[in-house]
Number of protein chains: 2
Amino acid sequence: MTTPRRGPRKAQEIFATTLALLAEHGYDGLAIEVVADRSGVNKTTLYRWWPSKDALLAAALRDSNALEFTVPDTGTLRGDLRALIGLIRDLLTRPPSAQLVTAALAAAPRRPELGGVVQAFLADRMARERPVFERAVARGELRADADQVAIMDLLGGAIWFRVLLRSGEAGDRYLDELVDLVLRGGAP
Amino acid sequence: MTTPRRGPRKAQEIFATTLALLAEHGYDGLAIEVVADRSGVNKTTLYRWWPSKDALLAAALRDSNALEFTVPDTGTLRGDLRALIGLIRDLLTRPPSAQLVTAALAAAPRRPELGGVVQAFLADRMARERPVFERAVARGELRADADQVAIMDLLGGAIWFRVLLRSGEAGDRYLDELVDLVLRGGAP
């Protein structure tokens, strides 16, 4: 797939440096000058592509290979949702993405622009997950009137809540149970 | 119900001041000296009951009237869950609790002790919500093998995710849909 180029030649190195600095030093410790220095790129090159720290961070979150994910296509809705939430669990619990998420969440309430970056990231993910639900409706595995965004809020939110707020484990059996609940419900 | 006294006579004023300072100035701006001053209580009285800022904050989150909630008992599991998540939605969107939550979440990743306070608060809430599920199992509205904590992770997590990360609305119809999904599932 050919997409318009969204950054300079060394974009991936720049994104990696940006995310590494965020994970290490938090949002306040992230500076375009340091990114330029560490990636061996001229500061003006960075500013030409991304006029602000938030623009650079948004691009890094969206386009870095480090956060790349492939939308699963296992043949069943149950399999696809289970794979998707396995990816979310890994994102929230494994380095370096876990540190990134913590740094971004800590900074977001004080920096409305960063909140916008997080929203854009999540909206982009949701848009890419849509085919999972469209295929499921076509296969007769999901009610056509089910709120697909609500399903992702439930599944994604449960893992965020458990891992980040309750400091609980999100093991494989727990993930199976989440998918089971949203597909067949808790009623007998 | 008589419970052992958990603080000095002016405990509720002290808790209110503690939470107001947290909401206004964030965790770093919360200081026991200022709480004492504003509540008209001697600093040593505060330290006698709560040896640290985190101990005071934990007590305020657990015992303040401002965060008090009554576990619903509507006669049906659907009604109880809908009422519970209405309370969670209000907690996350209305002042002053919305500001409190934002301040606590912003500080928690940098302050492991505060993470412990949040965990204790959530564990206390979950323990108080247990009867909702026990009654539902007794009435035959919930499978006995359904993971009750996972149900609250799904419902509570969805609202956290939507309101705090996606900056979305959690209106009444959305809340109805969440309960519907976890009770009857998205499968046809």
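## Charge

Chain A of this predicted model carries 25 positive and 24 negative side chains. The centres of the two sets lie 3 Å apart.

## Fold of chain A

Chain A is built with nine helices. The order along the sequence is α-α-α-α-α-α-α-α-α.

The C-alpha trace of chain A spans about 60 × 40 × 25 Å along its principal axes.

## Burial, surface and contacts

How many of the residues of chain A count as buried? The share is 51% of 188 residues. Buried here means under 20% relative accessible area.

The accessible surface of chain A is about 8,800 Å². Carbon and sulfur atoms account for 53% of that surface.

Contacts in chain A were also sorted by sequence separation. Take those between residues at least 6 apart in sequence: 64% of them join residues at least 24 apart.

## Two copies

The interface residues of chain A tell how the copies meet. Of these residues, 100% are also interface residues in chain B, so the copies meet through the same surface.

Key
Residues are numbered from 1 along each chain as its sequence is written. Chains are lettered from A and ligands numbered from 1 in the order in which they are written. This is a predicted model: local features need pLDDT of at least 70, side-chain atom pairs count only at pLDDT 80 or more; totals for chains, interfaces and linings use all residues. Side-chain values use heavy atoms; hydrogens and water are left out. Helices (H or I, at least four residues) and strands (E, at least two) are DSSP runs, numbered from the N terminus. Buried means under 20% relative accessible area, exposed over 50%, partly exposed in between (1.4 Å probe, protein chains only). Contact means heavy atoms within 4.5 Å. Accessible areas come from the Shrake-Rupley method with a 1.4 Å probe; for residues, only the protein chains shown count as cover. Lys and Arg count as positive and Asp and Glu as negative; His and the chain ends are not counted. The place of a charge is taken as NZ of Lys, CZ of Arg, CG of Asp or CD of Glu.
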